[in-house]
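Let's take a walk through this model together, one region at a time. Have the sequence and the 3D view open side by side as you read.

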Amino acid sequence: MTVGDSRSSALSPPPTGRSGPDHREVHHAESPGGRGHREVHHDESPGGRDHREVHRAGQDIDVPRAPVPLLRVEHVTKRFGGIRAVGDVTFTVGRGESVGLVGPNGAGKTTLFNCICGQLRPDAGQVTLDGTLLDGLPTYKRARLGVGRTYQRAEVFPDMTVGEHLIVAERARHGGPHLWRDLCHRSAPTPAERRRVAEVLELVGIPGWEDRPVSSLGLGSCRLVELARALANEPVLLLADEPSSGLDARETHELAAVLRTLQRERGMALLLVEHDLSMVEAAVDRAIVMDLGVVIATGTFDQVMADPAVRIAYLGMGA
Ligand SMILES: Nc1ncnc2c1ncn2[C@@H]1O[C@H](COP(=O)(O)OP(=O)(O)OP(=O)(O)O)[C@@H](O)[C@H]1O
Ligand SMILES: [Mg+2]
């Protein structure tokens, strides 16, 4: 079942009128470097600088070095026919860092997510996670390496219960020999699996929902089930594509708090695509702004929102 549509979000920025075909043609006539990438400010990951021991002339010397990024997206480009959906995008996400990826409709955010998670193969560029090249790996292998994802349109199965969604995710992660049987016949969960499911449901604010059929849930609840399923894999990096879509203001606020907790207490890195700017502000350390396939600004939330290029591109207003 596919539910939800980001474009219906009440808190979406006003339409910019910039995504029509005419504008797209102008964009693709430009060279990749034609649009300035405005580097407002670039934070390092929140863990600060670490140190390494360097052996030199028999001595241990403590030399500071920059933190190694968890996710490294380098010069990624993806075209659909004549449309350059993502053009030469480069950025990093540090271990345990929370980064917002924002921009108007059609900016290329979901396409970039698909390139990172393996649903799409980029035409150029590469993606590494903790130094491991992801290019060419199927999505399930990326998931086992620690890349979790929720979708712009929540992907849930109406004939399953909430608990079954999480059990399947848990078993898929471990990839045991009985996975196919488990998926088809849903063998009874073990006590350990039940405990794990209960923990995750508690974490996302829906404790005790194990036996509820997903078909009985509203859109907002389906989003929480999808998030719980992603978290059941204990990702080191969660890519969340408009998770507040379909949630009301209170649920959105609570979801931002859950994501912050996961980041701060469990060290999970987050790449958050979101049109609800109040959620972005509450949930991220740093924001990356895309427009028409390219990064136009990076910095803290306040810095990028004050940037004239962002105000024009994303909010449709002048400086
Ligand atoms: N499968 C596809 N085939 C052709 N064009 C596509 C495809 N997927 C995306 N596009 C185009 O690529 C561009 C980027 O789309 P994408 O969905 O990545 O943007 P987005 O930033 O996620 O937008 P939104 O905020 O509306 O979700 C758009 O012009 C879109 O029409
Ligand atoms: Mg999208």
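Thr77 stands opposite Ala124 in strand 8. Helices and strands here are DSSP runs numbered from the N terminus, with at least four residues (H or I) for a helix and at least two (E) for a strand. Strand 5 (residues 69-80) and strand 8 (residues 124-129) run antiparallel and are joined by five bridges. Before going further, please note that this is a predicted model, in which local features need pLDDT of at least 70 and side-chain atom pairs count only at pLDDT 80 or more, while totals for chains, interfaces and linings use all residues. Residues are numbered from 1 along each chain as its sequence is written, and chains are lettered from A and ligands numbered from 1 in the order in which they are written.

Strand 5 also pairs with strand 6, again in the antiparallel sense, over eight bridges. Two strands are said to pair if DSSP finds at least two bridges between them. Lys78 has Val86 in strand 6 as its bridge partner. The two strands form a hairpin with two residues between them, and Gly81 in the turn has a positive phi of about 60°. Now step back to the open sheet of four strands, whose order is 6-5-8-9 with antiparallel pairing. Strand 6 and strand 9 (132-133) are its edge strands, each pairing on one side only.

Stay with strand 6 for a moment, where you will find Asp88. Most residues other than glycine have a negative phi. Asp88, however, has a positive phi, near 55°. Asp88 counts as partly exposed because it has 17 C-beta neighbours inside 10 Å. On this scale a residue is buried if 20 or more other C-beta atoms lie within 10 Å of its own, exposed if 12 or fewer, and partly exposed in between, with C-beta atoms placed from the backbone.

Strand 6 also leads us to the ligand. Ligand 1 is surrounded by 13 residues, the closest being Phe80, Ala85, Asn105, Thr110 and Thr111. Strand 6 (83-94) and helix 2 (109-117) are the elements that give two or more residues to this shell, and helix 2 gives the most, with three. A residue belongs near the ligand if its C-beta atom, placed from the backbone, lies within 6 Å of it.

Next, look at the loop between helix 7 (219-232) and strand 12 (237-241), the place of Glu234. Glu234 is not a glycine, yet has a positive phi of about 50°. With 14 C-beta neighbours inside 10 Å, Glu234 counts as partly exposed. In the loop between strand 12 and helix 8 sits Gly246, which is buried, with 22 other C-beta atoms within 10 Å. Gly246 and Gly218 are 28 residues apart in sequence, and their C-alpha atoms are 8.8 Å apart in space.

Finally, which residues of helix 8 are buried? They are Thr252, Leu255, Ala256, Leu259, Leu262 and Gln263. These lie on the same side of helix 8 because they cover an arc of only 120° around the axis, the arc being that of the directions from the helix axis to the C-beta atoms. The face turned away from the buried side of helix 8 carries the exposed residues Arg250, Thr261, Arg264 and Glu265. Just after helix 8, Gly267 takes a positive phi of about 75°.
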